[in-house]
Amino acid sequence: GRPGCECNRCFSGPDCSVRTPNCTADADSGNPLFLEPYWRRHAAASAVVFSGWHRLSYITTGGRFHSVELDRHIRLLHRAVGNAVVDDKYLVFGAGSMQLINALVYALSPDGNADSPPASVVATVPYYPAYKSQTDMFDGREYRWDGTTATWSNNGSRNSTKGFIEFVTSPNNPDTALRKPVLAGSSAIVDHAYYWPHLTHIPAPADEDVMLFTASKLSGHAGSRFGWALIRDEKVAKRALSYVEQSIMGASRDTQLRMLKILKVILANLHGKEDIFAFGYDVMRSRWRRLNAVVSRSTRISLQKIPPQYCTYFNRIKEPSPAYAWVKCEWDEDVDCYETLLAAGIISRSGTLSEAEARYTRMSLLKAQDDFDVLLERITEFVDAEEHGR
Ligand code: PMP
């Protein structure tokens with residue numbers, strides 16, 4: 001059971017251990033509860049308690065809205081993990097990386113110059129839908145969502161004159177592939193939400209001009225709403241910071257205090273027997289293995305292929321441990337894969353939200369073990385039915 005937790009749709013009771021019979025498996029959201037058991041094991045060491053008088057102020061010592069210690073620990077973590085170059089970068093905190101999506105679009109757009117055309121914000125299919133919805137929501141004079149990179153990459157000569165801001169997600173959400181920008185000469189916001197050793201191999205430290213990270217997929221603290229950007233250019237960093245200041249007067253001090261504690265626990269355990277990445281990797285690798293074992297018996301659905309790869313953090317070749325399964329429906333009649341899975345009692349996220357074909361749909365593997373077990377049960381029934389139906 002999971003005492004004290006929000007129950008998933010298939011479970012009820014005080015510790016969420018009562019199964020709802022025949023319930024639909026929910027593999028929609030990327031809620032990172034797979035790390036909850038790790039923090040239960042480190043409950044005392046990761047606890048943060050502070051009195052009513054503490055952190056009343058809008059501002060922090062020295063760092064204005066940023067905790068200097070948290071800034072330092074984020075840099076320590078990136079250096080220790082080897083997943084990003086931090087020495088020549090500014091750090092900007094946000095209320096989740098969600099808030100920084102628009103902060104960075106704003107920061108990279110032409111500033112207030114009435115003559116310059118608005119920046120075009122683009123991404124490659126399949127992409128994380130929030131890039132479009134955030135850009136559309138804050139649609140301003142300085143930038144607009146301008147579709148996918150396929151429209152522009154075939155027309156090389158036009159690229160150099162147009163102000164593009166390209167969203168790149170690496171590993172990608174939804175298909176988990178490592179990606180690079182495709183539009184030469186434009187600004188890229190490289191979202192590394194999943195670029196941590198429990199969710200991908202780390203071939204080398206990332207060193208793009210504008211990078212985005214989030215606590216949600218690093219430690220699982222999605223509810224704390226904390227993300228950060230690493231930005232090479234001082235002017236871009238200042239604009240992003242000013243966006244966050246004008247929007248929310250800086251990331252919550254309570255959250256910063258909690259994240260500092262969480263990072264300290266993570267750092268203290270790196271490469272030891274309680275390494276959070278080793279823990280998370282084992283969970284995710286085992287889920288991927290079990291899912292593949294079932295789906296490999298199917299002709300009706302298939303998963304993205306991921307080879308074992310060398311990881312600089314673990315210093316060895318690693319089996320895949322992706323956050324999402326990118327499912328393809330192979331049979332002619334299954335034109336809408338989301339609907340096919342729904343009929344089999346599985347809620348997924350349709351590929352159409354990422355402008356991919358309806359033949360694709362995403363299943364989250366990041367949720368609590370109970371959620372994954374129900375998902376695997378439904379998938380197994382689905383594949384078994386296919387074999388018996390032949
Ligand atoms: N970027 C990507 C690629 C994501 O998948 C997510 C969440 N699923 C986010 C950003 C936003 O995460 P958060 O706001 O929790 O930091």
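Me: Why is R225 called partly exposed?

Reply: In this predicted model, R225 has 19 other C-beta atoms within 10 Å. A residue is buried at 20 or more such atoms and exposed at 12 or fewer, so a residue in between is partly exposed. R225 is therefore partly exposed.

Me: Where is R225 found, and what is its phi?

Reply: R225 is found in the loop between α7 (215-218) and β10 (227-231). Its phi is near 55°, a positive value in a residue other than glycine.

Me: What makes N22 exposed?

Reply: N22 has 8 other C-beta atoms within 10 Å. The cut-off for an exposed residue is 12 or fewer, and N22 is therefore exposed. N22 is found in the loop between β2 (18-19) and β3 (25-26), and its phi, near 55°, is positive although the residue is not glycine.

Me: Which peptide bonds are cis, between S170 and P171 and between N173 and P174, and what is omega in each?

Reply: The bond from S170 to P171 is cis, with omega near -5°. The bond joining N173 and P174 is also cis, and there omega is about 25°. P171 lies in the loop between β7 (164-169) and β8 (187-191); P174 likewise lies in the loop between β7 and β8.

Me: Which residues come nearest to the ligand, and how is the shell made up by class?

Reply: Of the 13 residues around the ligand, G96, S97, M98, T214 and S216 come nearest. The shell has 4 nonpolar, 8 polar and 1 charged residues. Helix α3 (residues 96-108) provides the largest share of this shell, 3 residues.

Conventions. Residues numbered from 1 in each chain as written. Predicted model: local features only at pLDDT ≥ 70, side-chain atom pairs only at ≥ 80, totals over all residues. Near = placed C-beta within 6 Å. Helix = DSSP H or I, 4+ residues; strand = E, 2+ residues; numbered from the N terminus. Nonpolar A, V, L, I, M, F, W, Y, C, P; charged D, E, K, R; others polar.
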